[in-house]
Structure formats: structure tokens, C-alpha cells
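Subject: A structure to look through

Dear colleague,

I am handing over the structure below, and I would be glad if you read the notes that follow with the model open beside them.

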Amino acid sequence: MTASSLNEAVLLSALPTTAALTALALVAVVASPAMQSSVPQFENVQPASGIDFVLAHAPTPGKRLIETMPGGLAAFDYDGDGLVDLFFANGNATPAAGKADASFHNRLFRNKGGFRFEDVTATAGLAGRGYAMGAAVGDYDNDGAPDLFVPGVGQPSLYRNAGQGRFEDVTAASGITASPWSVAAAWLDVDKDGRLDLFVVNYLDWNAQADRFCGDRLRDLRVYCHPKFYTGLPNQLYRNKGDGTFEDISRSSGIAAHVGKGMSVGVGDFDGDGRDDVFVTNDGVPNFLFRNVDGKRFEETALLAGVALPGFGRPVSSMGVAVQDVDGDGRPDLLVTALKGETFPLYVNDGTMMFHDGTHQARLAAPSSQRSGWGVAVVDLDNDGRPDIATANSHVNDLIDQFEASSYKEANAILLNRGGTFEDVSTQVGTAFGRAVAAHRGLVSADLDNDGALDLVTTSLGGPVEVWRNAGPTGHWLRVVLRGRASNRDGLGASIAVGGRRFRMTSAVGYASSVLQGVHVGLGTATTPPRIEVKWPSGRTQSVEAPGIDRVIEITEPEA
């Protein structure tokens with residue numbers, strides 16, 4: 001699909017609501033035997049793309065812990081031309097306010113089509129400051145242009161999209177305050193007032209002066225310290241007041257009562273009550289699951305829910321997280337990346353805020369226990385109607401091979417969903433994919449060329465970006481884009497049902513990263529246009545008939 005055809009996406013107004021999801025036209029999206037055996041091919045097109053970003057983490061002999069943690073990125077259409085652009089958070093020589101030089105600038109690349117990008121950082125005003133970690137995208141002022149929050153080491157930044165290709169740094173006036181170290185963030189409408197609120201994930205109470213030696217003094221081998229040597233931090237929640245400012249409700253909501261070592265955040269309605277809940281990965285300590293009680297208060301329920309720890313009962317180095325209905329039962333599950341030997345735990349949602357560890361049943365334990373994962377996406381890479389897994393991999397410590405039989409740099413991984421279990425096809429998806437070892441960190445999946453096949457973008461410490469074009473083969477597809485009226489403009493928090501599958505509109509993905517491109521739905525071999533049911537955050541339910549397949553469907557919330 002070309003950029004011009006994307007602009008012809010069908011704008012659908014309200015149609016009568018269906019009585020039940022079972023009446024939808026597309027009852028199931030099940031791959032044909034031919035599709036089950038196919039493996040999509042990925043080609044790294046970065047060298048000719050114009051994306052020359054290198055993640056500058058500024059490694060030092062002192063092994064400052066911040067050096068091994070950056071790498072978040074975002075995929076979103078900042079200029080409204082129908083093409084997804086790419087933003088990369090970048091490090092700095094020190095945690096100081098100013099960027100040391102241009103090599104440490106955050107970078108924004110405008111998508112020109114055909115996998116060609118141009119650096120528009122300077123004109124957009126997004127060079128940034130300090131040691132940035134990640135990115136979170138959402139239209140917090142409901143003006144139709146996506147805004148950007150960049151967490152970092154003592155230097156969070158909120159950028160308002162002012163239109164005409166420019167962003168305005170509004171951090172100082174916004175009411176958002178700094179924490180010693182924020183890694184990730186998520187936009188969500190906590191109280192369903194139609195305005196996006198901001199959840200900020202905080203990691204450790206770290207500062208350069210208090211850093212310590214970790215490693216082997218006898219061999220003079222210094223490594224990055226384990227997080228157990230540092231005090232954790234509570235996360236922060238900011239309520240959008242609707243006038244461009246935010247109110248810190250971390251204490252009143254109950255969020256601040258829980259101290260963790262947060263790395264990433266996933267948003268979903270895990271108990272089916274219509275409110276967005278928040279899952280936070282914690283590094284080396286139990287994870288958090290904050291249940292949204294009434295739009296004002298949250299209960300931390302991870303241990304009771306079964307997602308604080310994997311089934312073997314010990315906390316892991318939880319880093320990235322993907323929220324997706326993996327088993328097709330209509331409930332959002334959780335996939336978490338961790339270090340080699342810990343597996344990537346899959347928490348399967350059993351309903352009523354209860355989960356079980358389904359890692360072994362899904363055949364994920366063996367392939368994941370041999371990898372250290374950061375970024376993660378659970379998306380339909382071959383459009384067969386089942387979500388697949390992509391991970392960005394590398395160990396935390398660059399000298400790990402001096403202490404154990406592990407490698408620092410690793411290749412990324414793709415595991416295809418074969419119907420309840422996953423197959424590791426990492427060495428089959430392209431001649432270069434399984435050999436591209438690097439210190440990978442962030443990962444996003446987005447359709448960069450609007451052809452209906454999801455592409456992959458990864459970052460790596462001290463190395464170039466990898467832009468993996470999905471060359472197929474893939475099945476049929478739809479992309480559903482929402483435009484809220486009574487709800488927030490992006491429709492974040494909306495529930496979308498297509499056939500037997502249910503999706504949640506969110507922009508928080510993977511490790512400290514963000515994607516805002518609607519919901520991608522693989523249809524397999526089905527050629528009948530499905531019915532789409534949307535439950536908006538405002539509570540309104542809308543049902544529409546897709547006018548066709550292999551296209552973008554834009555749905556606008558009906559008037560009151």
C-alpha cells in the first residue's frame with residue numbers, strides 16, 4: 001500500500017451495534033496449511049534508508065550503570081502524512097542537562113516513503129537534553145497531533161507537537177517533575193475523562209558519585225553492577241488537567257506506595273472491567289500489576305494475580321513487556337523478556353485477574369533460556385491471524401564471557417505462532433537476520449511502507465540501527481485507526497474486536513518504546529471483509545462493516 005492510497009483510508013461513521021461478538025462475520029482467522037509452513041523474510045534496509053543513528057551510550061572504564069540501559073525508540077506519524085516516522089532516544093557523555101555534542105542528540109527521522117528517511121531533528125526541535133532512555137507517544141492535548149514524552153536520568157522531557165513539523169518543550173510548565181532515573185512511560189486515560197494521563201516507570205536511585213565497583217578485583221575486571229546494589233524507586237502517575245498541565249497523583253492513587261526497580265510498562269484491561277490496568281517489569285525483584293479500581297485508585301495485585309514471579313518462584317531480570325492476546329481467548333496476556341537462563345515468562349490470563357505461567361506449554365522456555373532479551377513485540381508478522389514474537393537480544397554486561405559461557409552481543413529472534421506453540425525461525429527469516437549480532441536494546445514493529453506487512457526496527461549500544469523490511473509472504477490484513485470524540489483523540493484504551501480476536505489500543509510497547517499506528521489485524525486466507533466492533537473509552541460501543549480487506553480502516557467515534 002502506498003502513501004497515496006493510505007490517504008484514501010475509509011472514514012467510517014457509527015453503525016448499529018451488534019448484539020454479540022459471536023455474530024461477527026469473521027468467526028476465525030486460522031492460517032491455511034500453506035501459510036503455516038511459510039516463513040516471512042526480513043532484509044536490513046538501513047544502509048540505504050538514510051537512518052544513520054548510532055546509540056551513543058558513552059561507555060567508561062568506571063562502568064556507570066546508565067551506560068548499559070538506554071535504547072528506547074518510537075514509531076509514529078508526527079506530521080500527519082500517513083507514513084510512520086521514527087524517533088530515537090539517545091545517551092549523553094554525562095547525566096548533565098545539556099547534550100555534550102551532536103552525537104548524543106535524540107534523533108527524529110521523517111519517513112519519505114519507500115524506506116527512505118530524512119533527519120529532521122533540528123527543525124523538529126527534538127535534539128533533547130541529558131541522558132535519555134525511552135519514548136512514549138500520545139496526543140495528550142487532543143489537537144490531533146501526537147505528542148512525545150522522553151524519560152531519562154534526572155531529565156524527563158515533554159514535547160508538545162505544535163504542528164508544521166515542530167515540537168515545543170513544555171516540560172517546565174507541565175507540572176511533570178524529575179526522578180533520579182526514569183526508563184519508560186505510558187499514556188493512558190486512567191479516569192476516562194477523555195484526556196490522556198501519564199504513567200512514568202522509575203528504575204534506581206543512582207548517581208555518578210555514589211557508583212561502586214562491581215566485578216573481579218583480582219583480575220581487575222570491572223562490570224556493570226547488579227541492581228541489587230541500589231535502592232529502587234516508586235513509579236509516578238500524572239493526571240491530565242486539560243489545560244496543558246498535569247497533577248501528580250502518585251500518592252493519592254496508591255502508585256507511590258510500592259517501590260520497585262522498573263524497566264518497562266504494559267497497559268491493558270486485565271480484569272475485563274473496562275478500565276486500563278498497568279503492568280510494570282521490575283529488574284531482579286517481583287513485578288507490579290496495578291489494578292485500576294475506580295479511575296482514582298490502584299491496587300498492586302501482581303503476587304495474587306500470578307505475574308509477580310515466573311512459575312519457578314524466583315524474580316527474574318524482567319526488562320521488556322508485550323501485552324497481547326496470545327492464545328486467542330479474548331483476554332490480554334503478558335510476555336516478559338529477561339536474561340539468559342531465566343526464560344521469557346509468558347503469563348496467560350485466566351480471567352478475573354488471575355494468570356498462570358504458560359512458558360513451557362507454549363514451547364518458549366528452550367529458545368528463550370538461551371537468550372537475553374530487551375525489546376519485544378507480540379504481533380502478527382505473517383498475517384496468519386496469530387500473534388508472533390520478535391525480541392531484541394543482548395546481555396547486560398559487556399564482559400559476561402569472562403565470567404560464564406555467555407556472549408554479550410546476540411542476534412535478534414523471531415518465533416512464529418504455530419497455533420498454541422511457537423517455533424524459533426530466527427535463522428530462516430533472511431540470510432542476515434540470524435547473524436546480525438549486536439548489543440541490541442529497543443525494538444518496535446510497525447508498517448513502515450504501508451504494504452500490510454509489519455517491519456521491525458531495533459537499536460543497539462554503540463551500533464547502527466537495524467531496519468528489517470518484511471518482504472513476506474504474508475496473508476491478508478487490516479489496520480484499524482481510531483479517532484475519538486468523547487474519548488481521547490487516539491482512542492487509547494479502546495477495545496477492538498475483529499472476528500474471534502480482541503485487541504486493545506495502546507502505544508506502550510516492548511522495552512521503553514512506543515508505537516502509535518492503530519491496531520494491525522492479520523486475516524490469514526480470509527477474503528470476506530469482517531465486522532469490527534469498537535468499545536470506546538467513553539463507554540460507547542460501535543459496530544462497522546469493513547468495506548474491504550488489505551487496507552486501513554479509520555473509525556471515528558460517533559457523536560453523543
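Thr-68 is found in the loop between strand 2 and strand 3, where strands (E, at least two residues) and helices (H or I, at least four residues) are DSSP runs, numbered from the N terminus. Because its relative accessible area is 0%, Thr-68 counts as buried, a word that here means under 20% relative accessible area, while exposed means over 50% and partly exposed lies in between (1.4 Å probe, protein chains only). Leaving aside residues up to four places away in sequence, Thr-68 touches Tyr-224, Trp-374, Val-396, Arg-441 and Leu-461, a contact being heavy atoms within 4.5 Å. With Arg-441 there is also a polar contact between the two side chains, at 2.9 Å; such a contact is a pair of N or O atoms within 3.5 Å, of which, within protein, one must be able to donate a hydrogen and the other to accept it, and residues adjacent in sequence count only if both atoms are side-chain atoms.

Before going further, please note that this is a predicted model, in which local features need pLDDT of at least 70 and side-chain atom pairs count only at pLDDT 80 or more, whereas totals for chains, interfaces and linings use all residues. Residues are numbered from 1 along each chain as its sequence is written, and side-chain values use heavy atoms, with hydrogens and water left out. The mean pLDDT (the predictor's confidence in each residue, from 0 to 100) is 92 for the protein, and 93% of its residues reach 70 or more. Over residues 1-35, however, the pLDDT is below 50, although this stretch has 85 contacts in the model beyond near neighbours in sequence.

In a second case, the charged end of Arg-217 sits over the ring of Phe-213, 4.0 Å from its centre.

The structure holds 14 aromatic pairs, counted when the ring centres of Phe, Tyr and Trp (its six-membered ring) lie within 6.5 Å, with planes under 30 degrees apart called stacked, over 60 edge-to-face and the rest tilted. One of them is the stacked pair of Phe-53 and Phe-88, 4.9 Å centre to centre with 15° between the planes. This pair links distant parts of the chain, 35 residues apart, with Phe-53 in the loop between strand 2 (42-44) and strand 3 (73-76) and Phe-88 in strand 4 (residues 85-88). Phe-53 is buried because its relative accessibility is 1%, and Phe-88 is buried at 0%. Trp-181 and Trp-206 form an edge-to-face pair, 6.1 Å centre to centre with 65° between the planes.

Finally, strand 8 (residues 147-150) and strand 9 (residues 157-163) pair in the antiparallel sense over 3 bridges, where pairing asks that DSSP find at least two bridges. Leu-148 stands opposite Tyr-159 in strand 9, and the two strands form a hairpin with 6 residues between them, in whose turn Gly-154 has a positive phi of about 70°. Strand 9 also pairs with strand 10 (residues 166-169), again antiparallel, over 4 bridges.

Methods
Lys NZ or Arg CZ within 6 Å of the ring centre and 35° of its normal.
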